[in-house]
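Here is a walk through one protein chain, from its overall fold to single residues. Keep the structure open as you read.

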Amino acid sequence: MAGHDHSHDNCSLSQKETGSLVEAMVEELRSLGFRRTGALVDLLRAMMLRHLPFTLAELSEIPALRDRDQATIYRLVTKLKEVGKVRQLNLAGRVSHFQLVVPGHHHDYLLCECCGTVTEVPLACTLAKVEQQIMADFGWKSLRHELEFFGVCPACTE
Ligand SMILES: [Zn+2]
Ligand SMILES: [Zn+2]
Ligand SMILES: [Zn+2]
């Protein structure tokens, strides 16, 4: 999957793809001390299938998670963030968004400081070249980046 271009909105995965990615992630998490619980599997599936940035409120509205204990979901999201599987997008004075980090996928985001919406950058990311140059010229290895642009969205500009 490396190099696969996922730089547009609605990067959703098939059920099958989601299933195997979730299984692989659960195995990796078990080696990090996580227990395989129904809540963990349901949460990973939901955040994988449409791996958009979700607020905790949005997560709790996903049908598969609606009947789960909200404190459990919150605790799992926090633990996943601690081991680098969930990325947190912060906007001053707004609730945070959380996104599952999917291997081989790259997403940069636009955050509106006016209404708080988070959207994916609608252009292919060209920074791989910059990363390669830094690695070649300055001896860095395994470079990656996560970008957040802050500004005012078109709807708020009207
Ligand atoms: Zn993706
Ligand atoms: Zn806005
Ligand atoms: Zn990028």
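Read along its sequence, the protein chain runs α-α-α-α-α-β-β-β-β-α-β-α. That gives seven helices and five strands. Both kinds of element are DSSP runs, numbered from the N terminus: helices are H or I with at least four residues, strands are E with at least two. The radius of gyration is 17 Å, close to the 15 Å of the globule rule for 158 residues, so the chain is as compact as a globular protein of that length. Here the radius is taken over C-alpha atoms, and the rule is 2.2 Å times the number of residues to the power 0.38. Along the principal axes, the C-alpha atoms fill a box of roughly 45 × 45 × 25 Å.

The model is predicted: local features need pLDDT of at least 70, side-chain atom pairs count only at pLDDT 80 or more, and totals for chains, interfaces and linings use all residues. Residues are numbered from 1 along each chain as its sequence is written, while chains are lettered from A and ligands numbered from 1 in the order in which they are written. pLDDT is the predictor's confidence in each residue, from 0 to 100. Its mean over the protein chain is 91, and 94% of the residues reach 70 or more. Residues 1–9 stay under 50. Where pLDDT is low, the predicted coordinates should not be read in detail.

Now turn to helix H5, residues 70–82. Its 13 residues should span 18 Å at 1.5 Å a residue, and its end C-alpha atoms are 18 Å apart, which agrees. The expected span is 1.5 Å times one less than the number of residues. Ile 73, Leu 76, Val 77 and Leu 80 of H5 are buried. They cover an arc of only 100° around the axis, which puts them on the same side of H5. The arc is that of the directions from the helix axis to the C-beta atoms. On the other side of H5, Ala 71, Arg 75 and Glu 82 are exposed. A residue is buried with 20 or more other C-beta atoms within 10 Å of its own, exposed with 12 or fewer, and partly exposed in between; C-beta atoms are placed from the backbone.

What do the buried residues of H5 pack against? Their partners are helices H2 (38–49), H3 (56–61) and H4 (63–66), and strands E1 (86–89) and E2 (97–100). Contact means C-beta atoms, placed from the backbone, within 7 Å. After H5 comes Gly 84, with a positive phi near 80°.

The largest nonpolar core has 21 residues; Leu 43, Leu 44, Met 47, Ile 73, Leu 76 and Val 77 touch the most other members. Such a core is a set of buried Ala, Val, Leu, Ile, Met, Phe, Trp, Tyr and Cys residues joined through C-beta atoms within 7 Å. Helix H1 (15–31), H2, H5 and E2 each give two or more residues to this core. H2 gives the most, with six.

Strand E1 holds Leu 89. With 16 other C-beta atoms within 10 Å, Leu 89 is partly exposed. Beyond four places in sequence, Leu 89 touches residues including Pro 53, Tyr 109, Val 118 and Glu 148.

Finish at Ser 142, in the loop between helix H6 (128–138) and strand E5 (148–151). Ser 142 is exposed, with 6 other C-beta atoms within 10 Å. Its phi is near 50°, a positive value in a residue other than glycine.

Notes: Two residues are in contact if their C-beta atoms, placed from the backbone, lie within 7 Å.
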